[in-house]
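I opened my notebook for a first look at this structure. Here it is, and below are my entries.

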Amino acid sequence: MDRDFTDLMNQLKDKKIDQFEVTPADFPAFQKAFMAFETRKRVVGQADKNGKLTYHYDHDAGNDGE
């Protein structure tokens, strides 16, 4: 069953979760949801070992460094 990446990104945005991981196998489904996500520029990913990606939400983006 595919994960609901739109829901996960909304949970990041709403501060319900701090981060989530995406495996290489899940990346195509994530990419589709990511490209449709309104505030995708604030969803920041970091590459980990074995092709795994960890995403978090940058709540400070656009606040002039405050």
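**Entry 1: a place to start.** Leaving aside neighbours within four places in sequence, which residues is isoleucine 17 in contact with? I found Leu8, Gln11 and Leu12, where contact means heavy atoms within 4.5 Å. Isoleucine 17 sits in the loop between H1 and E1. Its relative accessibility is 23%, so isoleucine 17 counts as partly exposed. For my own reference, buried means under 20% relative accessible area, exposed over 50%, and partly exposed in between, with a 1.4 Å probe and protein chains only.

**Entry 2: what I am looking at.** This is a predicted model, in which local features need pLDDT of at least 70 and side-chain atom pairs count only at pLDDT 80 or more, while totals for chains, interfaces and linings use all residues. Residues are numbered from 1 along each chain as its sequence is written, and side-chain values use heavy atoms, with hydrogens and water left out.

**Entry 3: the whole chain.** I listed 2 helices and 3 strands in the protein chain. These are DSSP runs numbered from the N terminus: helices are H or I with at least four residues, and strands are E with at least two. Along the sequence they come in the pattern α-β-α-β-β. The radius of gyration is 12 Å, close to the 11 Å that the globule rule gives for 66 residues, so the chain is as compact as a globular protein of that length. That radius is taken over C-alpha atoms, and the rule is 2.2 Å times the number of residues to the power 0.38. The C-alpha atoms fill a box of roughly 40 × 25 × 20 Å along the principal axes. Of the 66 residues, 23% are buried. I also noted that, among contacts between residues at least 6 apart in sequence, 48% join residues at least 24 apart.

**Entry 4: helix H1.** Which residues of H1 are buried? In this helix, which spans residues 5-13, they are Phe5, Leu8, Met9 and Leu12. They lie on the same side of H1, because they cover an arc of only 95° around the axis; the arc is that of the directions from the helix axis to the C-beta atoms. The buried residues of H1 pack against strand E1 (20-22), helix H2 (27-36), strand E2 (43-47) and strand E3 (53-57). At the start of H1, a side-chain oxygen of aspartate 4 comes within 3.3 Å of the backbone nitrogen of threonine 6.

**Entry 5: helix H2.** Here the buried residues are Phe30, Ala33 and Phe34. Their arc is only 105° around the axis, which puts them on the same side of H2. H1, E1, E2 and E3 are included in what covers them. On the face turned away from that buried side I found the exposed residues Pro28, Lys32 and Ala36.

**Entry 6: the core.** The largest nonpolar core has 14 residues, and Phe5, Met9, Phe20, Val22, Phe30, Val43 and Tyr55 touch the most other members. Such a core is a set of buried Ala, Val, Leu, Ile, Met, Phe, Trp, Tyr and Cys residues joined through side-chain atoms within 4.5 Å. H1, E1, H2 and E3 each give two or more residues to this core, and the largest share, 4 residues, comes from H1.

Entry 7: Lysine 15 is not a glycine, yet its phi is positive, about 65°. It follows H1 and is exposed, with a relative accessible area of 62%. Asparagine 50 is not a glycine either, and has a positive phi of about 60°. I located asparagine 50 in the loop between E2 and E3, where it counts as exposed at 77% relative accessibility.

Key. Polar contact = N/O pair within 3.5 Å; in protein donor to acceptor, adjacent residues only side chain to side chain.
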